[in-house]
Amino acid sequence: MSTKQFDIVIVGGGMVGATLACALAEADFRIAVVDSAPVPDIDTSDYDLRVSAVTLGSKAIFETVGLWSGMESQRLSCIDSMAVWDEAGSGHIHFDSAEMAQPCLGYIVENRVIRKAALDRMQALRNIELFCPASVSGIDNDGNSISMRTDDGTLLESHLLVGADGANSYVRHWADIDTRSWSFEQKAIVATVTTSEDHGGVARQRFLATGPLAFLPLDDPHKCSIVWSADNARADALLAMEDAGFLAELHAAIADGPGTALGDMEAVSQRAAFPLTSAHAQHYIDERIVLVGDAAHRIHPLAGQGLNLGLGDVAVLAEVLVESQRERRDIGSLKVLRRYERWRRGDNALMLTSMDGFKRLFSNDDPILGGLRNVGLDLADTLSPLKHRIMLYAAGLAGDRPKLMRGLRP
Ligand SMILES: Cc1cc2nc3c(=O)[nH]c(=O)nc-3n(C[C@H](O)[C@H](O)[C@H](O)COP(=O)(O)OP(=O)(O)OC[C@H]3O[C@@H](n4cnc5c(N)ncnc54)[C@H](O)[C@@H]3O)c2cc1C
């Protein structure tokens, strides 16, 4: 049995854990990344059914830690503008990148493309060691260091253990950190759809009484990735349909207002569905333990913010750890980790609550609320300072932004 020493062990090498590893390795920490899934043989010839809307703030993080060029060299697309409207009535809001003096409002990147760029980068950095496929057990926290065993019996010792292992985090369970969680009794159906007309770089989202439907523009102007949230029974029925029936339902759901520009729904890829839940850990930290990404919080995908919040965690945690290392402080101590928790938990809680409020306000066929929604959308569209504020916030360009989000090394 061998023992290996690291500064930091990250359990979970998904999009969040891998980005954190690259950010910390740049700062000369010795990092171990343990992931239970095998190193994927990532084939990007076909579109991934899972894509992420990446904000400008998150793009800055990816650029600064050396992942963005890897994504650009594969495939991604620019969101030039965004249209949001409601099934009931004619209210709508339209965001244009020109209003922010930016070339894009954000980007659509396939999850597979992000993972491949991150994996390539991790393998190129000499101070990251990947344990994959592997899981950890026998965690022991003696107060001065934390150790754990991998499946092959290797003992990993470090000053800090990061739980980046997703919604069902083993690290969070091991540390006995409670979460507040709730289910929307909905599923999100994802697929790639071919339309007869050019999407024009517009991200479209229509709020239906049964849940939001988003069309996200891919690099092929006739292809969009869809995220269609619907109550469980409706989602199951949509999943069970033949392609032709599904495309007819999809056309009926989007062919209104800004959706008419897409023309006919010509083809659909295979479909997949994800149950929609929200969850928030009561704490993000314990002595020598810290949670990031979906391990700490899970949010409804209607505003495409889950990954972006996780990357915000990465930027703040990297900054806190690098500064503490510079000041020769113990990076696993509660004193150091509390700064991260204070900086992130309030922001994340606000986003989770706002998205839940949005979801309840829009997934509702009450005629009074319908009227209010339409007035609200139109009003927000015409009040430029409010609209500008919403745009900056959604793009990750407002608030107390950590260095990585501003394109600076921590
Ligand atoms: C339909 C849908 C659409 C979405 N769209 C967007 C969007 O447009 N924009 C956006 O910002 N977000 C979006 N999200 C949210 C986003 O996908 C998640 O927030 C993001 O994937 C979280 O990343 P993560 O790395 O924290 O967790 P995960 O992606 O879950 O990664 C966890 C990693 O940990 C590993 N792991 C798990 N358990 C263990 C263990 N015990 N030991 C070792 N390794 C382990 C797993 O193999 C995995 O690699 C969407 C979500 C859904 C469901």
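Predicted model: local features only at pLDDT ≥ 70, side-chain atom pairs only at ≥ 80, totals over all residues.
Where is Asp-28 found?

1. Asp-28 is located in the loop that joins α1 (15-26) to β3 (31-34). Its phi is near 75°, a positive value in a residue other than glycine. Asp-28 has 11 other C-beta atoms within 10 Å; a residue with 12 or fewer is classed as exposed, and Asp-28 is therefore exposed.

2. A positive phi also occurs at Asp-176, where the angle is about 60° although the residue is not a glycine. The loop between α5 (170-174) and β14 (179-195) contains Asp-176. With 8 C-beta neighbours inside 10 Å, this residue too counts as exposed.

3. Pro-133 belongs to the loop between β9 (128-131) and β10 (136-141).

4. Helix α2 (residues 56-64) is largely enclosed by the rest of the structure, because eight of its nine residues are buried. The buried positions are Leu-56, Gly-57, Ser-58, Lys-59, Ala-60, Ile-61, Phe-62 and Thr-64. The cut-off for this class is 20 or more other C-beta atoms within 10 Å.

5. After α2 comes Gly-66, with a positive phi near 85°. In contrast to this glycine, Asp-28 has its positive phi as a residue other than glycine.

Methods:
Residues numbered from 1 in each chain as written. Helix = DSSP H or I, 4+ residues; strand = E, 2+ residues; numbered from the N terminus.
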